[in-house]
Every structure is written in structure tokens, then in C-alpha cells.
Amino acid sequence: MTYVVIENCIKCKYMDCVEVCPVDCFYAGENMLVIHPDECIDCGVCEPECPAEAIVPDSDERAAEWLEINRTYAAQWPNITRKGEPPPDADEWNGKPGKKALFSPNPATG
Ligand code: SF4
Ligand code: SF4
């Protein structure tokens, strides 16, 4: 079992989630975060912290298409444990449909 970051994280990146994770298993891409499925201890603490409701357990049907993306990019992107500055337009993107097309495979910089 693991929790999975899904589509609505894209371009939101509030990063409230990373501060609460007891095992520091979030990894940062250019425009979203992912959870390492083998490191997540399934505690669920991060789920209610996400203002974009972009974290779900893998038993949620919305997790299916994102689980492998979380696994793949957690192995490539840098670990993140401290909340950074969210993008200024994060609120505008919260809840917008069709954001998967905007997913960036690039790691976070800075
Ligand atoms: S709080 Fe939610 S939207 Fe923000 S980075 Fe974490 S998972 Fe993504
Ligand atoms: S469920 Fe717990 S261990 Fe897994 S990512 Fe969230 S806070 Fe971290």
C-alpha cells in the first residue's frame, strides 16, 4: 500500500504535504511532486494536508494511472522535505481539468 500524487498536483505544488511526511518520501519535479511507493508507510498524514486534494491511497480508482508515474519519477527526481514557495498562479490551476497533458518529466530546479 502507498499513497499516490495525482493530476491536480500539477502546477499547484503548495507543498504542504512534504512537511508532514514522517519518512520524507516526496520527490520534486518541475511542476508536481510524487511519492516513492516503496518508501511510503501508508500513514495517510499527508492526504488531508493537500489543499488540492491531489493525494489519494492506491485503493482509490484515480490512483491507477498515476502509480507508475510516482514510482518512475521518485527514482529520478530530488527528494524534498521542506515547503518551498508555491507558484504565484497555483490557485488558478487548482482543479483545472486536463492538466495531465502539462506534466513535465523534468526534475525540480533550485
Ligand atoms: S500539497 Fe498537494 S498539490 Fe501541493 S505539492 Fe503536495 S500533493 Fe501536490
Ligand atoms: S502516507 Fe505518510 S508516509 Fe506516505 S507519503 Fe503520505 S505522509 Fe508520507
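**View 1. The covered face of helix α2.** Among the elements that cover the buried residues of α2 are β1, β2 and β3, where covering rests on contact, that is, C-beta atoms, placed from the backbone, lying within 7 Å. The model is predicted, so local features need pLDDT of at least 70 and side-chain atom pairs count only at pLDDT 80 or more, whereas totals for chains, interfaces and linings use all residues. Residues are numbered from 1 along each chain as its sequence is written, and chains are lettered from A and ligands numbered from 1 in the order in which they are written. The buried residues of α2 are Trp-66, Asn-70, Tyr-73 and Ala-74; a residue is buried if 20 or more other C-beta atoms lie within 10 Å of its own, and exposed if 12 or fewer do. These four cover an arc of only 95° around the axis, and therefore lie on the same side of α2, the arc being that of the directions from the helix axis to the C-beta atoms. Ala-64, Glu-65, Glu-68 and Thr-72 are exposed on the other side of α2.

**View 2. The largest nonpolar core.** This core has 31 residues, and those with the most contacts inside it are Val-5 and Leu-33; a nonpolar core is a set of buried Ala, Val, Leu, Ile, Met, Phe, Trp, Tyr and Cys residues joined through C-beta atoms within 7 Å. Two or more of its residues come from each of β1 (3–5), α1 (16–20), β2 (26–28), β3 (33–35) and α2 (64–74), the elements being DSSP runs numbered from the N terminus, with helices (H or I) of at least four residues and strands (E) of at least two. Leaving aside neighbours within four places in sequence, Val-5 is in contact with Met-32, Leu-33, Val-34, Ile-35, Ala-54, Ile-55, Trp-66 and Asn-70.

View 3. Of the 13 residues around ligand 1, Cys-9, Tyr-14, Cys-17, Cys-50 and Ala-52 come nearest, a residue being near if its C-beta atom, placed from the backbone, lies within 6 Å of the molecule. The shell around ligand 1 holds 11 nonpolar, no polar and two charged residues; Ala, Val, Leu, Ile, Met, Phe, Trp, Tyr, Cys and Pro count as nonpolar, Asp, Glu, Lys and Arg as charged, and the others, Gly among them, as polar.

**View 4. The surroundings of ligand 2.** Ligand 2 is surrounded by 13 residues, of which Tyr-3, Cys-21, Cys-40, Cys-43 and Cys-46 are the closest. By class, the shell around ligand 2 consists of 11 nonpolar residues, one polar and one charged.

Key:
Contact = placed C-beta atoms within 7 Å.
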